[in-house]
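Have the viewer open as you read.

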Amino acid sequence: MYEYIKGTITFVNPAYIVLETNGIGYQLFIANPFRFSSKLNEEATIYVHQAVREDAITLYGFKDYTEKQLYLKLLSVSGIGPKSGLAILANDDHQGLVQAIENEDAAYLTKFPGVGKKTASQIVLDLKGKLADLTLTQAENTADYQQELVLTTNYNHVTEAVEALEALGYSAKEIKKIEPQIRKLNKESTDAYLREALRLLMKK
């Protein structure tokens, strides 16, 4: 129904952002909400996908058209739901994801929460050879992502990053394994801690 919404980002938390337009605040679930922290109280254009279920109507947000298209392709796979699709997108290495699919690397795919061996095989079966039309970039190589600043909240950066991982579906056991490593880091934002945590989780 919606292609994108243009408005002002008024709130960021570990699971979603709020985008206000024409007096309405839209709750948009995002793979990594903290990458929008520097745009708090600023106008932004967020691409969206509306998911309708019997008990809920939910909006999912994406930084650009390409990320939205990758998400929709993931949703077309049996076994991939809206939440697990977001968890896959949270890792910045989208090109690595495509390469894993092309190489039939099921072991890589099962590192994402909610993706077992059966679902990983289904991802390869359904999407191999079908992602070449997407122009994917590494988010950390863009100026916007390098300059992200965290919101001033009652939580420290690591705590927020852990909450974001929980919102994405990572288990307490998985988080506990990498939390000591990220606590040793000296990063400027929650976004930076979260990106490093996701990188470590993909190496486990």
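Nine helices and five strands make up the secondary structure of the chain. Keep in mind that this is a predicted model. Starting at the N terminus, the order of elements is β-β-β-β-β-α-α-α-α-α-α-α-α-α. Of the 204 residues in the chain, 48% are buried. If you take the contacts between residues at least 6 apart in sequence, 60% of them join residues at least 24 apart.

**The second largest pocket**

Which residues line the second largest pocket? They are P14, A15, F29, I30, T58, Y60, K83, L86, A164, A167 and L168. Two or more lining residues come from each of β3 (24-30), β5 (57-62), α2 (82-90) and α7 (157-168). Helix α7 gives the largest share, with three residues. Seen by domain, the lining takes at least three residues from domain 1 (4-62) and at least three from domain 3 (157-202).

**An annotated motif in two spans**

An unreviewed UniProt entry places the feature "domain: Helix-hairpin-helix DNA-binding motif class" at residues 72-91 and 107-126.

| Span | Helix | Strand | End C-alpha distance |
|---|---|---|---|
| Residues 72-91 | 65% helix | 0% strand | 16 Å |
| Residues 107-126 | 65% helix | 0% strand | 17 Å |

**Helix α5 and its neighbours**

Helix α5 covers residues 117-127, and its buried residues are T119, A120, I123, V124, D126 and L127. What do the buried residues of α5 pack against? Their partners are α1 (65-75), α3 and α4. Just after α5 comes G129, with a positive phi of about 80°.

**Two loop residues with positive phi**

Most residues other than glycine have a negative phi. N41 is not a glycine, yet its phi is positive, near 65°. This residue sits in the loop between β3 and β4 (43-52). Is N41 buried or exposed? Its relative accessible area is 59%, so N41 counts as exposed, the cut-off being over 50%.

E104 also has a positive phi, about 55°, although it is not a glycine. You will find E104 in the loop between α3 (94-102) and α4 (106-109). With a relative accessible area of 49%, E104 is partly exposed.

Now turn to E196, which belongs to helix α9 (residues 190-203). Why does E196 count as buried? Its relative accessibility is 17%, and buried means under 20%, so E196 falls in that class. Setting aside neighbours within four places in sequence, the contacts of E196 include I182 and L185. E196 and N91 are 105 residues apart along the chain, while their C-alpha atoms are separated by 9.4 Å.

Definitions and conventions:
Residues numbered from 1 in each chain as written. Predicted model: local features only at pLDDT ≥ 70, side-chain atom pairs only at ≥ 80, totals over all residues. Heavy atoms only, no water. UniProt positions renumbered as here; feature names shortened; annotations may be inferred. Helix = DSSP H or I, 4+ residues; strand = E, 2+ residues; numbered from the N terminus. 1 Å grid on protein atoms, 1.4 Å probe; cavity = no way out; pocket = protein on both sides within 12 Å on 5 of 7 lines; lining within 4 Å. Domains from an automatic or database assignment. Buried < 20%, exposed > 50% of the residue type's maximum accessible area, 1.4 Å probe, protein only. Contact = heavy atoms within 4.5 Å.
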